[in-house]
Amino acid sequence: MIEIVPIPAFEDNYIWLIRNGTSAVAVDPGDAGPVVDYLQRHHLRLVAILLTHHHGDHTGGAAELRLRFDIPVYGPRLEAIASITHPLSEGDLIDFTSLGCAFQVLDVPGHTAGHIAYYGINSLFCGDTLFACGCGRLFEGTAPQMHASLAKFYALPDDTGVYCAHEYTLENIRFAKSVEPRNTALIAREYREHETLSLGRPTLPSSIGLEKQTNPFLRCGVPAVIAAATRFAGHPLVDPVDVFAAIRQWRDQV
Ligand SMILES: [Zn+2]
């Protein structure tokens, strides 16, 4: 049976490990140490690494793990990451027979220019593109690009597990409430996530369905979000891309 487990790294990163009883694949191992510890403790063999984008807190441990285990490193074709052995872009499919799972690659530029995501086993590994109740900063891409990337996620089934790379949930909910103070799903989520964190558990994975209900960046066509974005911009906004751009700009200021 396949399990997906979070390995906490740095201050608030999660390295996701997709594992069965014998083998594992690591997603965005920014640090090799905690991954090696986990593998040793559970007697697992690392068979591959998946990278979503070039930032050091996602790639920093890849070279060491690749050397240590002599394994392939998959990652974005459009980004210069030295440890990659198998460059990928949208339409590519990777099949891990030892784990019995396969992933489809999606191009999701916005946070970085060549960011990719992995979708398979009813799960989405989205790096820093989508967060619980938030989305990644636009370091290299444009608002239309990020909006289009998020639209690809929006089209996935509601029960898709969303495995984001950071524990930003409560902070994001605080902002989301300033956009939609009357969103009851959001208020209920805040209460729930507080509980989860107080028990020492991650608030992830989320799901596409929950993000559709509570994430302002996926709700740019909702009247309350359009109204809030319009107030922020100081002039009427109609196009969902303009709404998205305003909400992103607002988020960057708080
Ligand atoms: Zn990043």
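1. In this predicted model, Glu3 stands opposite Arg19 of strand β2. The two strands concerned, β1 and β2 (residues 13-19), run antiparallel and are joined by seven bridges.

2. These strands belong to an open sheet of six strands, ordered β1-β2-β3-β4-β5-β6, in which the pairing is mixed. At its edges lie β1 (3-9) and β6 (86-88), each of which pairs on one side only. On average, and with direction ignored, neighbouring strands of the sheet are turned by 25° against each other.

3. Helix α1 (residues 32-42) lies across β1, β2, β3 (23-27) and β4 (45-50), and runs at about 35° to β2. Helix α3 (residues 62-69) also packs on the sheet, where it touches β4 and β5 (73-76); the direction of α3 makes about 145° with that of β4.

4. The zinc ion deserves a separate point. Its coordinating atoms are NE2 of His53, ND1 of His55, NE2 of His111 and OD of Asp128, at 2.2 to 2.3 Å. Along the chain, the donors follow the spacing H-x1-H-x55-H-x16-D.

5. Why is the arrangement of the four donor atoms around the zinc ion irregular? The angles they subtend run from 91 to 165°, whereas four donors count as tetrahedral only if all angles lie between 85 and 135 degrees. For reference, the ideal angle for four tetrahedral donors is 109.5 degrees.

6. His53 counts as buried because its relative accessibility is 0%. His55 has a relative accessible area of 18% and is therefore buried, the cut-off being under 20%.

Definitions and conventions:
Residues are numbered from 1 along each chain as its sequence is written. This is a predicted model: local features need pLDDT of at least 70, side-chain atom pairs count only at pLDDT 80 or more; totals for chains, interfaces and linings use all residues. Side-chain values use heavy atoms; hydrogens and water are left out. Donors are N, O and S atoms within 2.8 Å of the metal (3.2 Å for Na, K and Ca); water is not among the atoms, so sites may look incomplete. Four donors count as tetrahedral if all angles lie between 85 and 135 degrees; four count as square planar and six as octahedral if opposite donors are over 155 degrees apart and all others between 65 and 115; anything else is irregular. Buried means under 20% relative accessible area, exposed over 50%, partly exposed in between (1.4 Å probe, protein chains only). Two strands pair if DSSP finds at least two bridges between them. Helices (H or I, at least four residues) and strands (E, at least two) are DSSP runs, numbered from the N terminus. Axes are lines fitted to C-alpha atoms, for helices over the stretch in contact, and angles run from 0 to 180 degrees between N-to-C directions. Contact means heavy atoms within 4.5 Å.
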